[in-house]
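Subject: Structure handover

Hello,

Here is the structure you are taking over.

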Amino acid sequence: MKRSEGLSEFELVILKSGIKSLRALGNMETFHPVTGPWIEANELHVEQQRLVERSKNMDGCFVVWDVGMGAAANALAALEALKTNPSTEIQLHSFDKTTAPIEFALNNAEELGYLRGHEVLIRQLLATKEVRVTSQIHWTLHLGDFQTGLSDPQIPSPHSILYDPYSSSGNPEMWSLDHFRALYQRLDPHTPCLLTNYTRSTAVRVTLLLAGFSVGIGRSIGQKAETTIATNQLELLEQPLDLRWLERARVSRNAAPLGPVAQEVTPISNADFERLKQCAQFDLARV
Ligand SMILES: C[S@@+](CC[C@H](N)C(=O)[O-])C[C@H]1O[C@@H](n2cnc3c(N)ncnc32)[C@H](O)[C@@H]1O
């Protein structure tokens with residue numbers, strides 16, 4: 001891709017809140033569309049995952065996967081928060097298949113605000129693909145398809161996944177059952193991990209559950225009443241999806257697990273619903 005092509009794929013938009021963000025012209029998706037990049041990154045990912053608290057008192061290093069680095073709001077919010085914990089070694093692994101959004105954002109750093117003061121660090125990351133942020137924090141950029149990158153054995157399994165590709169309609173390969181199965185299997189069962197995302201889609205939640213994750217109601221962001229949080233250790237969830245949610249999924253028009261290409265909205269099949277009912281979190285809810 002020529003440099004000018006990448007940069008012209010984005011535009012700046014002013015959200016209702018008055019905050020500026022990026023919009024991808026290819027799929028017309030706005031990054032962090034309601035509360036803006038910095039507030040959403042902090043509320044949805046950093047605070048909800050209790051990154052600072054969970055990274056304290058660790059034996060080894062605390063590993064964060066920033067999936068869909070985009071214009072780096074999530075990554076920078078995580079770094080700023082984790083800098084307040086100088087006692088733990090932190091590895092931040094960012095994944096993206098393109099640097100076009102971050103290059104566009106750097107060209108508009110003044111207007112976007114949250115990048116101010118981080119430009120040198122990010123340019124260094126783009127140039128060398130890894131950078132030492134503080135003596136305790138190391139940031140690596142993995143450029144390429146995340147579906148391939150996630151199986152790189154050199155990258156340690158995460159404690160935290162800031163999951164932020166485009167939506168399932170525009171970026172279906174990042175939401176498919178096979179993809180989430182591969183991601184779940186890549187987690188270390190002994191390393192408690194949380195994944196947060198803006199969606200509240202029943203189909204996405206069904207897909208995560210069938211892939212092996214435990215899934216809960218994530219915190220409200222702006223006017224959006226709930227989002228989604230998933231984990232490999234059920235006890236980390238404050239509000240696991242319960243039997244009432246399961247009943248709603250059974251009758252929902254949009255609850256079939258997702259495939260690797262965009263699909264029509266479809267109810268869940270009887271066979272998939274039987275599998276969904278067997279997920280551990282519903283078993284425990286019954287007793
Ligand atoms: C909504 S933007 C992410 C915004 C970003 N997290 C931020 O804080 O600015 C989605 C990003 O996911 C990336 N992406 C989509 N599919 C991907 C894939 N298969 N592998 C790696 N990155 C992907 C896109 O290139 C894009 O930069």
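The notes below cover the ligand and then the sheet.

This is a predicted model, in which local features need pLDDT of at least 70 and side-chain atom pairs count only at pLDDT 80 or more, while totals for chains, interfaces and linings use all residues. Residues are numbered from 1 along each chain as its sequence is written, and side-chain values use heavy atoms, with hydrogens and water left out.

The ligand

The ligand sits in the largest pocket. A pocket is found on a 1 Å grid over the protein atoms alone, as an open set of points where a 1.4 Å probe fits, with protein on both sides within 12 Å along at least five of seven lines; a molecule sits in one if more than half of its atoms lie within 2 Å of its grid points.

Around the ligand there are 22 residues, and the closest are Gly68, Asp96, Asp145, Phe146 and Asp164. The shell has ten nonpolar, seven polar and five charged residues; Ala, Val, Leu, Ile, Met, Phe, Trp, Tyr, Cys and Pro count as nonpolar, Asp, Glu, Lys and Arg as charged, and the others, Gly among them, as polar.

Polar contacts (pairs of N or O atoms within 3.5 Å) include these:
- The side chain of Asp145 has an N or O atom 2.9 Å from a nitrogen atom of the ligand.
- Ala71 has a backbone N or O atom 2.9 Å from an oxygen atom of the ligand.
- The side chain of His32 has an N or O atom 3.4 Å from an oxygen atom of the ligand.

The protein buries 97% of the 600 Å² that the ligand exposes when taken alone, by the Shrake-Rupley method with a 1.4 Å probe.

The sheet

Pairing requires at least two DSSP bridges. Five bridges join strand 1 to strand 2 (residues 20–24), with Phe10 partnered by Ala24 and Glu11 opposite Arg23.

Regards

Key. Near = heavy atom within 4 Å. Polar contact = N/O pair within 3.5 Å; in protein donor to acceptor, adjacent residues only side chain to side chain. 1 Å grid on protein atoms, 1.4 Å probe; cavity = no way out; pocket = protein on both sides within 12 Å on 5 of 7 lines; lining within 4 Å. Helix = DSSP H or I, 4+ residues; strand = E, 2+ residues; numbered from the N terminus.
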